[in-house]
Amino acid sequence: MAVLTEDELIKIRRHLHEIPELALQEKETHAYLLEVIQNFKQDYLTIKTPESLPTALLVLVKGKDPKRTIGYRTDIDALPVTEKTGLPFSSKTPGIMHACGHDIHMSIAIGLLSYFSEQQPKDNLLFFFQPAEESESGGKQAYEKGIFQGKFKPNEFYGLHDNPALPAGSIGCRMGTLFAGTTEINVDLFGKGGHAAFPQNANDTVVAAASLIMQIQTIISRSIDPIQSGVITLGKVEAGTIRNVIAGHTRIEGTLRGLTQEMILKIDQRLRDLCEGIARSYNMQVKLDLNQGGYWPVENDPKLTQNFISYMKENKDVNYIETEPKMTGEDFGFLLAKFPGTMFWLGVGDPDSELHSATLNPDEKSIQRGVDTIKGFLISRMEK
């Protein structure tokens with residue numbers, strides 16, 4: 001089979017767009033990817049589906065003179081979003097859509113693999129088709145289940161995320177943090193319910209929760225360096241059943257974002273301190289659950305990222321854009337905490353939509369441009 005053409009890659013992307021699946025349920029997506037890859041020239045390929053993570057797919061391309069194994073990751077899951085694009089190849093699964101552009105990500109990875117199955121690379125290349133990026137921490141699961149062992153262990157890792165705000169085919173990157181890390185916050189306050197007319201006989205968790213919420217708002221403004229960035233949003237509060245009954249239980253749910261793991265751990269500790277203080281002040285039990293969820297900050301390796309940026313800046317065919325860090329989460333951060341590497345943006349030219357939007361409609365010209373740019377970078381990297 002020859003190297004896939006742009007039209008063939010677009011056809012693959014459109015089929016993937018039609019069959020979106022949620023985290024750890026990507027069976028049809030996995031089967032289709034496997035079918036496409038098995039049609040490539042197999043001389044240099046080793047394909048593996050890990051038993052411990054059955055919708056994941058690993059493809060190793062054997063290098064002709066390998067000094068390292070370069071990993072390339074793409075995510076394959078979709079989101080519980082009802083599509084509103086009106087495209088002829090819209091999602092065929094009600095309530096599920098590739099609203100984050102993972103169909104674009106997969107198509108580019110397939111294009112790269114198509115090329116290197118025909119043109120044997122100098123170094124080994126490991127392609128990781130990762131399930132469960134949007135939830136269930138697929139990158140973390142893959143690492144902890146030990147799928148990166150032996151010849152499937154990369155020396156360095158790269159991955160992209162599409163960006164509708166950037167022109168189609170452009171590359172965005174930065175030194176340091178690209179995506180923030182996240183922690184999901186759940187707080188349960190347990191007091192004593194009672195009649196609204198006799199507050200002295202109860203222990204009102206709503207009052208305690210209100211105090212806690214206001215104190216939490218001071219963490220970013222008074223515990224974090226002003227030139228750093230962090231966000232805490234408490235988006236859900238549940239308490240009580242009726243207006244004239246004092247609530248004996250209140251639950252608060254939220255999320256925090258930080259640009260380094262050190263910052264996140266500091267915010268975590270301040271949350272623990274405040275919850276302990278509220279428990280003592282209001283004489284009630286306060287249970288704090290901080291769920292890391294695998295979303296570590298995406299912190300790019302300094303040396304590898306400088307090399308990546310230099311290549312993009314020096315390549316006259318690349319529209320390179322220096323980008324600012326984003327407070328959105330990406331679970332590639334966990335893998336970058338275990339393997340040195342770089343994550344970058346690929347512009348897909350849809351400025352009227354946002355990621356996770358029901359109307360996201362990436363410019364398909366970005367697929368071939370992405371393949372060409374990343375292919376050139378990988379070849380350059382293997383020469384160093």
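On a 1 Å grid over the protein atoms alone, a cavity is a set of points where a 1.4 Å probe fits but cannot get out. Keep in mind that the model is predicted: local features need pLDDT of at least 70, and side-chain atom pairs count only at pLDDT 80 or more, while totals for chains, interfaces and linings use all residues. Residues are numbered from 1 along each chain as its sequence is written, and side-chain values use heavy atoms, with hydrogens and water left out.

**Stop one: the cavity**

Select Tyr 72, Tyr 158, Phe 308, Met 312, Phe 344, Ile 374, Phe 377 and Leu 378, which line the largest cavity (lining residues have an atom within 4 Å of a point). Now colour helix 8 (302–314) and helix 10 (365–382), the elements that give two or more residues to this lining. Helices (H or I, at least four residues) and strands (E, at least two) are DSSP runs, numbered from the N terminus. Helix 10 gives the most, with three residues. The cavity's volume is about 30 Å³, counted as the space filled by probe spheres set on the points, with grid points joined across faces, edges and corners.

**Stop two: the pocket**

Next, select Phe 179, Thr 328, Gly 329, Leu 355 and His 356; of the 26 residues lining the largest pocket, these lie nearest its centre. A pocket is an open set with protein on both sides within 12 Å along at least five of seven lines. About 560 Å³ of space lies in this one. Finally, show strand 5 (156–163), strand 8 (181–190) and strand 12 (249–258), which each supply at least two lining residues.
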